[in-house]
Amino acid sequence: MKIDIAILSYNRPEQLRRVLESCKDLSEEIFSIIVFDDCSPRINEIQQMFNSHFSNYSNFYINISEQNVGYDGNLLRSVCESKADLVLLISDDDYLDVIDEGELITELSCLQTDVAFLPVRFDENLIIREKITRNILYRTVKNQFISVKN
């Protein structure tokens, strides 16, 4: 099984670095970590941060949009460009808290969907307050989303 972790990003290199740091220990054989930048004005800072800290990871990539397409357009782009079995969508201000990689793979596999959207909520100290693990974005045909369940 292959899983793409698509990080939707716009103009936040500090937050992006934090979420990328949270993905460093994931298996390179299973996970690809792909930043989908939506034509950020701070793209030079983002590329410099990425190249300085993550370019030596063979499963980390950055994909920069030539024009700003907005959050929804960037989300669609990340799903449409994926070649993986599953796509885990997170934003650049999220944090992937994976204690047990096998548990994450099992949970994602059990969803019976092509795309999983797993947001979290933070408290004022950026500590994960609540994980919301059942918002599933279904995709039946490439480029066509048909329903959202909570």
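1. Both F50 and F54 are buried, where buried means under 20% relative accessible area, exposed over 50%, and partly exposed in between, with a 1.4 Å probe and protein chains only. For F54 the relative accessible area is 0%. The rings of F50 and F54 have their centres 6.2 Å apart and their planes at 40°, so the pair is tilted; rings of Phe, Tyr and Trp (its six-membered ring) pair if their centres lie within 6.5 Å, and planes under 30 degrees apart count as stacked, over 60 as edge-to-face and the rest as tilted.

2. On provenance, this is a predicted model, in which local features need pLDDT of at least 70 and side-chain atom pairs count only at pLDDT 80 or more, whereas totals for chains, interfaces and linings use all residues. Residues are numbered from 1 along each chain as its sequence is written, and side-chain values use heavy atoms, with hydrogens and water left out.

3. The structure holds 4 aromatic pairs. Besides the pair described above, F54 and Y57 have ring centres 6.4 Å apart and planes at 40°, so this pair is tilted. F50, F54, Y57 and F60 form one aromatic cluster. Leaving aside residues up to four places away in sequence, F60 touches L20, C23, K24, I33, F50 and F54, contact being heavy atoms within 4.5 Å.

4. Helix α2 spans residues 43-53, and its buried residues are I43, I46, M49 and F50; helices (H or I, at least four residues) and strands (E, at least two) are DSSP runs, numbered from the N terminus. The face of α2 turned away from the buried side carries the exposed residues N44, Q48 and S52. The cover over the buried residues of α2 includes α1 (13-21), β2 (31-37) and β3 (60-64).

5. The largest nonpolar core has 25 residues, and those with the most contacts inside it are I5, I7, L16, L20, F31, I33 and F60; such a core is a set of buried Ala, Val, Leu, Ile, Met, Phe, Trp, Tyr and Cys residues joined through side-chain atoms within 4.5 Å. Two or more residues of this core come from each of β1 (3-9), α1, β2, α2, β4 (86-91) and α4 (101-110), with the largest share, 4 residues, coming from α2. A second, separate core of 8 residues includes A6, L75, V79 and L89.

6. In strand β4, 6 of the 6 residues are buried, so β4 is largely enclosed by the rest of the structure. Both of its faces are covered, with L86, L88 and I90 buried on one side and V87, L89 and S91 buried on the other. The strands β1 and β4 run parallel and are joined by 6 bridges, strands being paired if DSSP finds at least two bridges between them; I3 stands opposite L86 in β4.

7. The buried residues of α4 are L104, I105 and L108. They cover an arc of only 95° around the axis, which puts them on the same side of α4, while E103 and C110 are exposed on the other side.

8. Two backbone angles deserve a remark. N11, in the loop between β1 and α1, has a positive phi of about 65° although it is not a glycine. C39, in the loop between β2 and α2, has a positive phi of about 60° although it is not a glycine, and at 30% relative accessibility C39 counts as partly exposed.

Conventions:
The arc is that of the directions from the helix axis to the C-beta atoms.
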